[in-house]
Amino acid sequence: MTTATLSASAPGAQTSSATLTALHGNHACALAAIAAGCRFFAGYPITPSSEIAEHLSYELPKVGGTFVQMEDEIASIAAVAGASLGGLRAMTATSGPGFSLMQENIGYAAMTEIPLVIVDVMRGGPSTGMPTRPAQGDVMQARFGSHGDRPVVALAPASVQEIYEETIRAFDIAERLRTPVTVLYDQVIAHLLESVAVPAPGAVRVIPRKWANGASGPFRPYEAGDDGVPPMVRPGDGHRSHTTGLTHAETGFPTQTPAVVDRMMRRLLGKIDANRALVERFATRATDDADVLIVAYGITARAARRAVDVLRAEGVKAGLFRPITLWPFPEDALKRAASGAKSVLVPEMNAGQLVLEIERVLGGAAPVRRLNRIDGEPIVPHQIVAAVKEIFS
Amino acid sequence: MTDATFSPTDAALGGGEPPFDVREWLRLETMPHFMCPGCGHGIALRTMLWAAHDCGIDKDDLAVVCGIGCSGRIGGYIDANTFHTTHGRPLAFATGLKLARPDLTVVVVTGDGDCLAIGGNHLIHACRRNLDITCLMLNNEVYGMTGGQVSPTTSAHRITSTTQAGNFEPTFDACRLAEAAGAGFVGREVTRQAPALKSLIARAIRHHGFSFVEVMSDCTEIYGRKNELGEAPEMILGQKADMRPEVYNDAPDRPFRPNALPTGVFVERGLPEYGDSVRAHVAAVRTGGTGR
Ligand SMILES: Cc1ncc(C[n+]2csc(CCOP(=O)(O)OP(=O)(O)O)c2C)c(N)n1
Ligand code: SF4
Ligand SMILES: [Mg+2]
């Protein structure tokens, strides 16, 4: 999967004919949601994500969809879950403070296996932080923000084109694996104006949700087939099932029987692992012979790409591994990319978050250095170049 | 649940065709239920199903969205599309569900803590939007499920596990709150008056708009015992003494619910229903208008 450009092929997007259009990141996200079949959005305004809601407030009615501005982010994600239970593809968008408020119901959606998409446009934190400044501080919140162990999928696009692709992919993964999916990007890409290949209307393949039908005998709504994903019950179709955030058995009803709980939890957590091929996406640049491997995502990866080119021109064998899927982390791909590296550098716009995962995956195979910026400014190429040179000095 | 004497039909209570049989609405395989003897929530459950029956609702098209609490647990027993959501949030879940599926009859079951404390913001906005949902708030004046802590409706001086020397917090009048916030339908009834409660809930379900019904229920096991309100029969009789102020307005304070609350339908008004407004907006946009 070595690609020379920042963009890799997006499985969800099947473009027959595409029109190049200049779009801001948040606008691309909204249009991608429509293309992916999203017909319900509930949200609460917050910088720097508000444009997604604003665009969808007039794009959704055009396609017969529903937009609703709720009273807060807790209600927003609850309404999105409710709409998804009703059968619609549904999404919300927010930033750090709102993402914090959503965590309980994200856990609920994971536990009850409700497909939905959350876009978190990261801004400076903690707390109200810097609403208009970029950051990458929600990476670990996306992974561990809700209590308990739960399946997690988080995607981190690095360009406006990729916001378009990853938003479509987020819906595809959410629907196929019956799980919430988070799209994480920062304020810079959210407001960047770039050209996007927008597929012709109807050109994006939207796989219909797998519905339960034709029940004979006692119906068990949480009984999964080989893919680990049970078909969903559509209210009104006659199954009259029960949905609860309490730990439940295949019947949908609460259980505390250890063997059943263990079986249900392992299936719930395992369905993501079993479908890594669908979920994992990454890109590499000049990793084959790299002495120093830079691992970067989102806007930081763009500075890293430039740094790799500058370093290569100066004879330093630098390479870039760019996870587009942050969770589950593309472990094997990173190990392959880092196999020949003498050193690894992880630049991030936080105090050091994804680096913890990278250290875990590499398990000491190569020393892992950090480059962290927490002043509300993006990391720039020369900082990465300087950090790499320092490693070799 | 198989003894007919414990499951009188609507006919036995004086009318209804076809007769109401609660067993047809329950997931009998989930019995026995969790409720303590005499718990008012059981009456609320039965009454709500009776109302659904009277409204001629098809179980397949009934969605019951519950919060967390003893009140929230009753949904699991109903043979319909049931959703046990998160604490305080059932109205928000129901808002998404009803907007996505206007064909479903959506009934929310919530408690006084679920609806007025953690979910208070969602309640006022659900009232304001006036989406066609029926909200049954089972008010037992206490947090039953978590062991009897004070709630926003606990009466003055009551002993709870967090007001050991008596409650000194003011209470909400949920019905006046709902009315002020814009609900199309607001009413209150006591579990003692099951037929009246059934009629009220049926009227609320039939109302096109947001219907708020406060069901005065009894937490016999915790609230009743802690406050020496007697056994379930005494508690339910106490409802009569204090819940019919039109009749008993001049009665001196009784030990149970000294702050008498009126019952009946308080508000029934034809305000724009939110789903209709959304659909009109969508239609206007699609035909090239602004939606204004
Ligand atoms: C976020 C959250 N906080 C606290 C709780 C614990 N909790 C469960 S039920 C409940 C109170 C329920 O009281 P009420 O709504 O009056 O219902 P009742 O049990 O009295 O019917 C609380 C605080 C929870 N489940 N979730
Ligand atoms: S604790 Fe109270 S509210 Fe809960 S079931 Fe028992 S009596 Fe009912
Ligand atoms: Mg209560």
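Which strand of chain B do three bridges join to β10(A)? In this predicted model, the partner is strand β2 (residues 81-84) of chain B, and the two strands run parallel. Within this pairing, Thr243(A) has Phe83(B) as its bridge partner in β2(B).

The pairing belongs to an interface in which 35 residues of chain A are in contact with 35 residues of chain B. On the chain A side, the elements that give two or more residues are β2 (38-43), α2 (50-62), β3 (66-69), α3 (73-86), α4 (96-112) and β10 (242-244). Of these, α3(A) gives the most, with ten residues. By class, this side of chain A comprises 18 nonpolar, twelve polar and five charged residues. For the complex, the predictor gives an ipTM of 0.95 and a pTM of 0.94.

Chain A is divided into domain 1, covering residues 4-199, and domain 2, covering residues 282-392. The C-alpha centres of the two domains of chain A lie 25 Å apart. Their contact takes 27 residues from domain 1 of chain A and 21 residues from domain 2 of chain A. On the domain 1 side, two or more residues come from each of β6 (130-134), α5 (139-144), β7 (154-155), α6 (160-177), β8 (180-186) and α7 (187-191) of chain A. The largest share of that side, four residues, comes from α5(A). The side of domain 1 of chain A that touches domain 2 of chain A has 19 nonpolar, three polar and five charged residues.

Strand β6(A), one of the elements on that side of domain 1, is also joined by two bridges to strand β5 (residues 116-124) of chain A, and these strands run antiparallel. In β6(A), Met130(A) is the bridge partner of Gly124(A). The hairpin of β5(A) and β6(A) has five residues between the strands, and Ser127(A) in this hairpin takes a positive phi near 55°. Most residues other than glycine have a negative phi, and most peptide bonds are trans. Ser127(A) is not a glycine, and its place is in the loop between β5 and β6 of chain A. Ser127(A) is exposed, because it has 8 other C-beta atoms within 10 Å, and a residue counts as exposed at 12 or fewer.

A positive phi is also found in chain B, where phi of Glu228(B), a residue other than glycine, is near 50°. Glu228(B) is placed in the loop between α8 and α9 (232-243) of chain B. Glu228(B) is likewise exposed, with 9 other C-beta atoms within 10 Å.

Two cis peptide bonds are noted in chain A. The bond from Thr47(A) to Pro48(A) is cis, with omega near 0°, and Pro48(A) lies in the loop between β2 and α2 of chain A. The bond from Trp327(A) to Pro328(A) is cis as well, with omega near -5°; Pro328(A) is in the loop between β14 (325-327) and α11 (331-337) of chain A.

The residues around ligand 2 include Cys36(B), Cys39(B), Cys70(B) and Cys219(B), together with Met35(B), His41(B), Asn140(B) and Gly144(B). Helix α8 (residues 220-226) of chain B gives the most to the shell around ligand 2, with three residues. That shell has seven nonpolar, four polar and one charged residue.

Chain B has eleven helices and nine strands, and buried residues make up 51% of its 292 residues. Of the contacts in chain B with a separation of 6 or more, 66% are between residues 24 or more positions apart.

The mean pLDDT of chain B is 89, and 86% of its residues reach 70 or more. Over residues 1-12 of chain B the pLDDT stays under 50, and over residues 243-259 of chain B it is below 50. Where pLDDT is low, the predicted coordinates should not be read in detail.

Key
Residues are numbered from 1 along each chain as its sequence is written. Chains are lettered from A and ligands numbered from 1 in the order in which they are written. This is a predicted model: local features need pLDDT of at least 70, side-chain atom pairs count only at pLDDT 80 or more; totals for chains, interfaces and linings use all residues. Domain bounds come from an automatic or database domain assignment. Two residues are in contact if their C-beta atoms, placed from the backbone, lie within 7 Å. Ala, Val, Leu, Ile, Met, Phe, Trp, Tyr, Cys and Pro count as nonpolar, Asp, Glu, Lys and Arg as charged, and the others, Gly among them, as polar. A residue is near a molecule or strand if its C-beta atom, placed from the backbone, lies within 6 Å of it. Two strands pair if DSSP finds at least two bridges between them. pLDDT is the predictor's confidence in each residue, from 0 to 100. A residue is buried if 20 or more other C-beta atoms lie within 10 Å of its own, exposed if 12 or fewer, and partly exposed in between; C-beta atoms are placed from the backbone.
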